[in-house]
Amino acid sequence: MAIITKDLALKIAKKLKAEVVKGGRAHDIAIVEHGGKMVAQFGIRRGSKGDSGHDHIPSQIFVGPRDARLLGQCPLSREDWIGIISEKGMI
Amino acid sequence: MEDCSVGVRSGRGRAIVAGWPEKVPGLMEALAETIGASLRDVTRIESLEKEVILLKNRVAVLEGQAPVLVPIESLAPDPYEIIKPFHVVVRVQDGECIASFFDARISASGDTQEEAVFNLKDMVVSVFDILCGRSEDDLGPGPAHQKKVLQDFIRRKD
């Protein structure tokens, strides 16, 4: 069972205020910006079921699976995430 | 094995061993030992067979989860060409396949290894397009690094 499902991926995109654009044949791309710069992106599988796996997302947004899940489930805010990736030199 | 021919006399097709009643306990003991040894062997073999089955199953699971290195030499049918072939790592995690191009920090998921690699190639060209459409000033450290790496490996066909 995947840790990050498509439903959760969409929630993460919304939480991070990502702009979701059409990607290639299989994905939409969620683009996350901060301070006028693109700081992260991740793919959301198009046409897949809500419970389809998106466990590639944590590494794409520079956090572990647990924090990625918390982002989608609410306890972790966008500001918290910005703080985490700032410490990692990603902003 | 004890020599039973000693003291044998024949009569009407039947062989009688002289002093056999005294030998019966010893023979029974020897038979019991032989049967016991055979049973121990059978038990040991059955136990080993179970171990082998368990190990085979374990190996099958580990083989299924072992990361696989897949060379990428084409992005067809997308209009991009590979400048320098690269490898992606496909691993199984919680029953899902994740393909990663670690240098470019791009990953994609799939229900199978093939689907994960297909999805990753799709992501690589999509991300490349997005990044090339932006100036360096518009990119944070992560995407700037991705753009630099991707430009080393792929380019759009003219």
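**The two domains of chain B, whose C-alpha centres lie 64 Å apart.** Chain B is split into domain 1 (8–61) and domain 2 (67–156); these bounds come from an automatic or database domain assignment. The model is predicted: local features need pLDDT of at least 70 and side-chain atom pairs count only at pLDDT 80 or more, while totals for chains, interfaces and linings use all residues. Residues are numbered from 1 along each chain as its sequence is written, and chains are lettered from A and ligands numbered from 1 in the order in which they are written.

**The three-stranded sheet of chain A, with the order β1-β2-β3.** The sheet is open and its pairing is antiparallel (strands are DSSP runs of E, at least two residues, helices are runs of H or I, at least four, and both are numbered from the N terminus; strands pair if DSSP finds at least two bridges between them). Strands β1 and β3 (37–45) of chain A are the edge strands, each pairing on one side only. From one strand to the next, the twist averages 30° (axes are lines fitted to C-alpha atoms, for helices over the stretch in contact, and angles run from 0 to 180 degrees between N-to-C directions). Helix α2(B) packs on this sheet and touches β2 and β3 of chain A (contact means C-beta atoms, placed from the backbone, within 7 Å). The direction of α2(B) makes about 45° with that of β2(A).

**Strand pairing around Ile29(A), which stands opposite Val21(A) and opposite Gly43(A) in β3(A).** Strand β1 (residues 19–22) of chain A and strand β2 (residues 27–34) of chain A run antiparallel and are joined by four bridges. The link from β1(A) to β2(A) is a hairpin through four residues. On to β3(A), strand β2(A) pairs in the antiparallel sense over eight bridges.

**Two helices of chain A, α1 (residues 6–15) and α3 (residues 65–73), whose axes come within 7 Å.** The axes cross at roughly 75°, so α1(A) and α3(A) are roughly perpendicular to each other (65 to 115 degrees; under 35 is roughly parallel, over 145 roughly antiparallel, the rest oblique). From α1(A), the contact uses Leu8(A), Lys11(A), Ile12(A) and Lys15(A). From α3(A), the contact uses Ala68(A), Arg69(A), Leu71(A) and Gly72(A). By class, the residues of this contact are four nonpolar, one polar and three charged (Ala, Val, Leu, Ile, Met, Phe, Trp, Tyr, Cys and Pro count as nonpolar, Asp, Glu, Lys and Arg as charged, the others, Gly among them, as polar).

**Lys17(A), in the loop between α1 and β1 of chain A.** The phi of Lys17(A) is near 55°, which is a positive value in a residue other than glycine. Most residues other than glycine have a negative phi.

**The four-stranded sheet of chain B, with the order β3-β5-β6-β7.** This sheet is open and its pairing is antiparallel. Its edge strands, each pairing on one side only, are β3 (68–72) and β7 of chain B. Neighbouring strands are turned by 25° against each other on average, with direction ignored. Strand β5 (residues 86–93) of chain B and β6(B) run antiparallel and are joined by five bridges. Val89(B) has Ser100(B) in β6(B) as its bridge partner. Helix α2(B) lies across β3, β5, β6 and β7 of chain B. The helix runs at about 140° to β7(B).

**The cis peptide bond from Ala76(B) to Pro77(B).** The omega of this bond is near 5°. Pro77(B) sits in the loop between β3 and β4 (80–82) of chain B.

**Helices α2 (residues 113–132) and α3 (residues 141–153) of chain B, packed with their axes 10 Å apart.** The angle between these helices is about 110°, and α2(B) and α3(B) are therefore roughly perpendicular to each other. On the side of α2(B), the residues are Val127(B), Phe128(B), Leu131(B) and Cys132(B). They meet Pro143(B), Gln146(B), Lys147(B) and Leu150(B) in α3(B). The contact of α2(B) with α3(B) comprises six nonpolar residues, one polar and one charged.

**The contact between the chains, with 24 residues from chain B and 27 residues from chain A.** On the side of chain B that touches chain A, at least two residues each come from β6 (96–101), β7 (106–110), α2 and α3 of chain B. Helix α2(B) gives the largest share of that side, eight residues. Sorted by class, the side of chain B that touches chain A holds ten nonpolar, eight polar and six charged residues.

Methods
Two residues are in contact if their C-beta atoms, placed from the backbone, lie within 7 Å.
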